[in-house]
Amino acid sequence: MSAYGKYVVKKFFWYFVTLIVAIALNFLLPRMIEGNPVSVIVAQMTQGMTESDTIKRVYDTFAAEFGIDQPLHVQFFIYVKNLLTGNWGTSFGLYPKPVTEILASAIPWTIGLQLPAILVGWIIGNVLGAVAAYRKGVFDKVIFPVALFVNSIPFFTLAIIMLYAFALTLKWFPMHGGYDYQMIPSLSWEFIGSVLRHHTLPFLSIVLVTIGGQAIGMREMSIYELNSDYVLYSKLLGIRDSRIARYVFRNAMLPQITGLALSIGTMVGGSLICEIVFSYPGIGTWMFTAIRQLDYPLISGCTLLIALAVLLANFTIDLIYGWIDPRIKAAQMEDQ
Amino acid sequence: MNHSVRILLKSPKFMLGAVLLLLMIGVVMIYPLINRNDPLEMIALAYQPPDSKLLLGSDNFGRDLFLELIYGIRTSLQVGLIAGVFATAIGLVIGLASGYIGGMIDNLLTAVTNIFIVIPSFVILILISVSIDSRSSFVTAAIIGITSWPWTARAVRAQTSSLRNRDHVNIAKISGYSTPRIIMYEILPYIASYVVMAFVLQMASGILAEASISMLGLGPYNTISLGIIMNWALVFEAPVAGAWWAFIPAALSIAVITFSLYMMNTGMDEIFNPKIRS
Amino acid sequence: MTLGKEQLRSRVSGREISYIPQAAMNALNPTLRIIRFIEDIMKEHRPELSRKQVWELAVERFETLNLSARVLESYPNELSGGMKQRTVIAISTILNPKVLIADEPTSALDVTSQKAVIKLLKHLLEKGYIQSLVFITHELPLLYHVTDDIMVMYAGEIVERGTAEQMIFDPIHPYTKKLMGSIIVPEEGMRGHKLAAIPGTPPNLKTVPEGCRFADRCTYAQSECRQGRIELQTFQDRSYRCIVPADTLREWYAHEDE
């Protein structure tokens, strides 16, 4: 097998183990609630419901879903089997809507918001960080503290400030939602325009904070690379500065890719809360609603989905990284 | 150690961060002594704009937002501190065990660390918070600490395993010193600066984590934190009411606290890792 | 002749004067194949060559230096330490520079590898790939075998210059004299011989003392030594930086050796 193939298999194995741990945590942690989870849940959700028939029906549904009378490990297998067959439970808040249906409606919004925002912020941040390290002087003196300050602003804080400034005071952008609620989703220009207008502020607040964090990391990596021996050697062999800058950029960029993998969990978390501020119809807002209504199946569906998405993103980044950094391949060769 | 402290005092970045932080700690310690009112007391109409009496106006319930902010900053700092202590302590123990003992234990602990680095900590944070009914701010802080140790563990492990085979450690081993003593005198002094930096970062991320989880409505009960102030502002639609004073000061406070902590960290980093000095 | 920074880069660096860095291990960009780096150098100095010509030239040069063409396609971390060292030497000399500055190329190497590096450098000189070599080192015995001329520096200044023969067997400057005293010749009676260290430490280069920089550690220092600037003196075909005439110094040395 090629060195890269081995690398992929190894990574795949580790992510598979991590996936099982994530699923197990998602299964176990909510079951640490005192008492029989289903009766607690049912008690909470049926407050106000008087028809005993309904309560019974709800109870039976959940008892069947959780396999409540079985031992824990059997419950876990039922849980995994249900997950694999697409049965992620039934929402309490929007009973009897299946959790998967709610999540499916939210996923496109969240991906459409976060994927471009994180990528754009990551790219701009890295370029700015490299420039700050390379140009030094005024550039560094301005970019660095600003980036450090922006990076210290939590995602949702910036989101709130932007909401206040651009939506409320200046009225340039709408305050809530993913599109005008008077409209019926369609493929018309008008609808797309509305989606874009609603997209702008949450997008920008994620981009800005991401830029801050990435610029700081990239600046540090670039300074480190600029001080390395190969830069001096290349200079003394007469290679022009612009080309050396390219060497440095590339080499500083590689750890930034791993950095992206490691920080993507935090970024996604921050962005989800950003959605709440703008009542953006993605996973984050649903989770907010679910927590307020103590809609446990939906909460657990959201957390599981987020964990899965972050794992998948990490795995993808690891594969790309292994492909482009020659050092990984060499390390694999040594193992053989 | 004194020497390091003296160098630190010369770093403008570290000093800026430290002065900001101390200033804030000073204000939140002293102000409640001057203004002895209960921050949860309703003393005005809803969403009163700031004036000479109510420095930051009132919130939805007509409470003094400036007083709430002071208590909020205090809780957030406390939560950050406790979370930082928990995360650093757990990370330190796991990192030291993994790096110093090596072998199978190292493999096992490294695998666990890597797994928990990839699984987003705020997912675990939500799952635990949802499962615990009455959360004090201490419990919230502890949960945050328990979910954010892997970074520290990884850094400590890397440092420890490179120290493990140094001559001075080997000499200590040959001299028959006990393992705790070797770790105490031959390993810890070398990683102390990393641990302090990790603690500062953990504290910052602890404050952010508390704010995030409180925004979601899973924050501590019976207390005021910066995240809770923003959660109230959001739930009671302060932005729609145009009441910027209900959320902007709290938002900026978080930004200033984390900024000062990051500044301290960057200042320390530049001193302890000369390679990244520009 | 003065050159601008850009002219210096394009006309001199790598082309007229080339360089072998101290730590050859880290001198190569870890994410660039060797041949890509050579292509980049060629783009600066021989832009008329096509990629194919560069490849042929590199293969030829590498093969005369006993490096296989496969090295060209490798990344630096796929090469062993000794291979990296030789690769760096090959890259530094690929443009046949007039002067090659080797900055401690043998430090941190074991004796066998040292020998290989010296052989390689001599080979380059014999083949005419480089015309002259500046060999910076602390290892004095090595110098005698490598160089024609030796220049001794102290605290950032040249203190003496002459042929290798003269410098080792007939040093003039007090510092050179002491320095050469540190050479251990494995011969009878050496065991009982005590090596003399020079007392004191070199001056802090941020605040160099006035006058002779070596004065503080020199056994022959006089009050005039600490005034003004001490210029390089010429004596026959060599030069040295000391206010005492060469003959006087020699007399003192002869007297001391008795």
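Which residues make a nonpolar surface patch of about 620 Å²? The legends below describe close-up views of a predicted model, and the opening view answers the question.

**View 1. A nonpolar surface patch on chain B.** The patch is made by L22(B), I25(B), M29(B), I30(B), L33(B) and I34(B). Its area is about 620 Å². One of its members, L22(B), belongs to helix α2 of chain B, which spans residues 12-34. L22(B) has a relative accessible area of 58% and is exposed, because exposed means over 50%.

View 2. Helix α4 of chain B, residues 103-118, contains T113(B). Is T113(B) buried or exposed? Its relative accessibility is 5%, so T113(B) counts as buried, the cut-off being under 20%. Once neighbours within four places in sequence are set aside, the contacts of T113(B) are I94(B), W149(B), P150(B), A153(B) and R154(B).

**View 3. Chains in contact and chains apart.** There are 2 pairs of chains in contact, and chains A and B share the most contacts. Chains B and C do not touch. The nearest C-alpha atoms of chain B and chain C are 15 Å apart.

**View 4. The open sheet of 3 strands in chain C.** The strand order is β1-β2-β3 (chain C), and the pairing is parallel. Why is one side of β1 and of β3 left without a neighbour in the sheet? Strands β1 (17-20) and β3 (132-136) of chain C stand at the edges and have a single partner strand each, so one side of each has no neighbour in the sheet. On average, neighbouring strands of this sheet are turned by 20° against each other, direction ignored. Strand β2 of chain C, residues 99-103, pairs with β3(C) in the parallel sense over 5 bridges. Within this sheet, L100(C) is placed opposite L133(C) of β3(C). Helix α4 of chain C, residues 81-92, packs on the sheet and touches β1 and β2 of chain C. The direction of helix α4 makes about 175° with that of β1(C).

**View 5. A salt bridge between chains A and C.** Across all chains, a search of the whole structure finds 21 salt bridges. In one of them, E44(C) pairs with R240(A), and the closest N and O atoms are 2.9 Å apart. This pair crosses between chains: E44(C) lies in helix α2 (residues 34-45) of chain C, and R240(A) lies in the loop between α9 (229-236) and α10 (241-277) of chain A. E44(C) counts as buried at 9% relative accessibility, whereas R240(A) counts as partly exposed at 36%.

**View 6. A salt bridge within chain B.** R63(B) and E68(B) form a salt bridge in which the closest N and O atoms are 3.5 Å apart.

View 7. The side chains of R229(C) and E157(C) meet in a salt bridge, with 3.5 Å from N to O. The pair links distant parts of the chain, 72 residues apart. R229(C) is in the loop between α8 (174-180) and β6 (233-235) of chain C, and E157(C) is in strand β5, residues 157-163. R229(C) is exposed, at 54% relative accessible area, while E157(C) is buried, at 14%. Elsewhere, salt bridges with shared partners join R240(A), R243(A), D40(C), K43(C) and E44(C) into one network.

**View 8. The open sheet of 4 strands in chain C.** In this sheet the order is β4-β5-β7-β6 (chain C), and the pairing is antiparallel. Which strands are the edge strands? They are β4 (149-154) and β6 of chain C, each of which pairs on one side only. Strands β4(C) and β5(C) pair in the antiparallel sense over 6 bridges. M151(C) has R161(C) of β5(C) opposite.

How values were computed. Residues numbered from 1 in each chain as written. Chains lettered and ligands numbered in written order. Predicted model: local features only at pLDDT ≥ 70, side-chain atom pairs only at ≥ 80, totals over all residues. Heavy atoms only, no water. Pairing = 2+ DSSP bridges. Helix = DSSP H or I, 4+ residues; strand = E, 2+ residues; numbered from the N terminus. Axes fitted to C-alpha atoms, helices over the stretch in contact; angles between N-to-C directions. Contact = heavy atoms within 4.5 Å. Patch = residues over 30% accessible without salt bridge, like charges linked within 9 Å, V, L, I, M, F, W, Y side chains within 5 Å. Areas by Shrake-Rupley, 256 points an atom, 1.4 Å probe, with all protein chains shown as cover. Salt bridge = Lys/Arg side-chain N within 4 Å of Asp/Glu carboxyl O. Buried < 20%, exposed > 50% of the residue type's maximum accessible area, 1.4 Å probe, protein only.
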